[in-house]
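Dear colleague,

Please find below the structure that I am handing over to you. I would be grateful if you could look through it before reading the notes that accompany it.

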Amino acid sequence: MKAERLPIKVALLTAIPVEAVNFWFAMFPIDVGFAPDTKWYTKAAGYEWLFVHWPGLWLGQWMDDTRLEWLEGFLWAAVGYIDTVILIVAGILVFRLLRRTTSR
């Protein structure tokens with residue numbers, strides 16, 4: 001019986017375009033929020049961005065009013081990338097588990 005390997009390489013490569021699109025096109029407007037008449041899918045993408053990048057936002061608040069403030073954007077992208085990799089790996093593992101249980 002062959003042991004399945006973790007899909008880390010796939011997740012590391014897949015997360016790059018996902019995070020690029022997520023960071024540049026679905027960013028949550030942190031300073032003002034969404035208008036009440038914003039479409040539901042825009043809100044869904046924005047809140048997903050907020051959820052995935054929350055650790056970076058939390059860590060970034062410590063950089064406010066310091067000389068490292070310019071690193072906040074990089075911090076958000078790095079934390080979002082790591083979280084996206086973790087979510088992709090978890091999704092692949094859950095899919096494998098479901099496939100294995102339904103095939104028996």
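The notes below describe what was found in this structure. Please bear in mind that the model is predicted.

I begin with the aromatic residues. The structure contains 4 aromatic pairs. One of them joins F34 and Y47 in an edge-to-face arrangement, with 5.9 Å from centre to centre and 75° between the planes. F34 belongs to the loop between α1 (8–25) and α2 (40–60), whereas Y47 belongs to helix α2, so this pair ties together parts that are 13 residues apart in sequence. F34 is partly exposed, its relative accessible area being 22%. Y47 is also partly exposed, at 45%.

Another of the pairs is formed by W54 and W58, and it is stacked: the centres are 6.3 Å apart and the angle between the planes is 20°. These two residues are 4 residues apart in helix α2, a separation of about one helical turn. W54 is exposed, with a relative accessible area of 51%, while W58 is partly exposed, with 41%. The value for W54 counts as exposed because the cut-off for that class is over 50%. Ring pairs also bring in W62, so that W54, W58 and W62 are linked into a cluster.

A charged residue deserves a separate note. E19 is located in helix α1. Which side chain of opposite charge is nearest to E19, and how far away is it? It is R96, at 21 Å. E19 is buried and has no salt bridge; a salt bridge would require the charged atoms to lie within 4 Å. Leaving out residues up to four places away in sequence, E19 touches H53, A77, G80, Y81 and T84.

Finally, I turn to the nonpolar residues. In soluble globular proteins, nonpolar side chains tend to be buried together. Here, the largest nonpolar core has 5 residues in all, namely A11, A15, V85, I88 and V89. The elements contributing two or more residues to this core are α1 and α3 (72–103). The largest share, 3 residues, is supplied by α3. V89, a member of this core, is in contact with P7, I8 and A11 when its neighbours within four places in sequence are set aside.

Yours sincerely

Technical notes:
Residues numbered from 1 in each chain as written. Predicted model: local features only at pLDDT ≥ 70, side-chain atom pairs only at ≥ 80, totals over all residues. Heavy atoms only, no water. Phe/Tyr/Trp six-rings, centres within 6.5 Å; stacked < 30°, edge-to-face > 60°. Buried < 20%, exposed > 50% of the residue type's maximum accessible area, 1.4 Å probe, protein only. Lys, Arg positive; Asp, Glu negative; His and termini not counted. Contact = heavy atoms within 4.5 Å. Core = buried A, V, L, I, M, F, W, Y, C linked by side-chain atoms within 4.5 Å.
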